[in-house]
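The report below describes a protein model in terms of its helix, its charged pairs and its surface patches. Please read it alongside the sequence and the structure shown here.

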Amino acid sequence: MMIKGKICHQEVNTMTAKETELQREMHEMAQKTAELQEELSGEKNRLTGELQLLLEEIKSSKDQLKELTLENSELKKSLDCMQKDQVEKEGKVREEIAEYQLRLHEAEKKHQALLLDTNKQYEIEIHTYREKLTSKEECLSSQKLEMDLLKSSKEELNNSLKATTQALEELKKTKEE
């Protein structure tokens, strides 16, 4: 029995040592668990903060998206209005161009008609002046002929006068002798 008592005592001591070791390990585990719990709590707080920031960013992004969508819609409406205005203006400009081209064409026709009338008047005046010039030239030719006849007659008269003057002088000389 003593051996049994010793063995029991040894077993009790071994068990007590193991219990102490287990309690110490449990204490370390509890400390590690507390540290891990604290670390987990800190990580949880950090992640919660990040999540909150992300949620705020998402909300802000959604608000910006709504604003941008609204602005985009307004810009599209504005662009549509501007395009309509542009199309209307282009139509008006085309109409004005067509009207100006028509006016220009009519003005060119009037100008051409006026030029033709003016050219006819000038041609008539030129014809009249040519007729007058021809008439004047004929008149000049006849006057030149007349002048040539007069010169010829004058020469004849001068010759005749000279001959008569010589004949008179000879008569005078003959009378005086």
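## Glu90 and Arg94

Glu90 is partly exposed, at 35% relative accessibility, where buried means under 20% relative accessible area, exposed over 50%, and partly exposed in between (1.4 Å probe, protein chains only). Its partner Arg94 is exposed, with a relative accessible area of 55%, and the side chains of Glu90 and Arg94 meet in a salt bridge of 3.7 Å, N to O. A salt bridge is defined here as a side-chain nitrogen of Lys or Arg within 4 Å of a carboxyl oxygen of Asp or Glu. Glu90 and Arg94 both lie in helix H1, four residues apart, about one turn of the helix.

## Basis of the description

This is a predicted model, in which local features need pLDDT of at least 70 and side-chain atom pairs count only at pLDDT 80 or more, while totals for chains, interfaces and linings use all residues. Residues are numbered from 1 along each chain as its sequence is written, and side-chain values use heavy atoms, with hydrogens and water left out.

## The helix and its annotation

Helix H1 covers residues 2–176; helices (H or I, at least four residues) and strands (E, at least two) are DSSP runs, numbered from the N terminus. The unreviewed UniProt entry carries the annotation "coiled-coil region" for residues 19–174, given in the numbering used here with a shortened feature name, and such annotations may be inferred rather than shown by experiment. In the model, residues 19–174 are 100% helix and 0% strand, and the end C-alpha atoms of this span lie 209 Å apart.

Val12 lies in helix H1 and is partly exposed, with a relative accessible area of 46%. From Val12 to Thr174 the separation is 162 residues in sequence and 219 Å in space, C-alpha to C-alpha.

## Other salt bridges

Side chains of opposite charge can pair when their charged atoms come close. By the distance rule for salt bridges, the count comes to six. One of them joins the side chains of Arg24 and Glu28 at 2.6 Å, N to O; because these two residues are four apart in helix H1, about one helical turn separates Arg24 and Glu28. Arg24 is partly exposed at 37% relative accessibility, and Glu28 is partly exposed with a relative accessible area of 35%.

A salt bridge of 2.4 Å, N to O, is made by the side chains of Glu50 and Arg46, which are four residues apart in helix H1 and therefore separated by about one helical turn. Glu50 counts as partly exposed at 38% relative accessibility, and Arg46 is partly exposed with a relative accessible area of 39%.

## Surface patches

Patches are made of residues with over 30% relative accessible area and no salt bridge, with like charges joined within 9 Å and nonpolar side chains (Val, Leu, Ile, Met, Phe, Trp, Tyr) within 5 Å. Accessible areas come from the Shrake-Rupley method with a 1.4 Å probe, and for residues only the protein chains shown count as cover. Leu51, Leu54, Leu55 and Ile58 make a nonpolar surface patch of about 370 Å². Leu51 lies in helix H1 and is partly exposed, with a relative accessible area of 49%.

Asp63, Glu67, Glu71 and Glu74 form a negative surface patch. Lys and Arg count as positive and Asp and Glu as negative, without His and the chain ends, and the place of a charge is taken as NZ of Lys, CZ of Arg, CG of Asp or CD of Glu. Glu67 lies in helix H1 and is exposed, with a relative accessible area of 55%.
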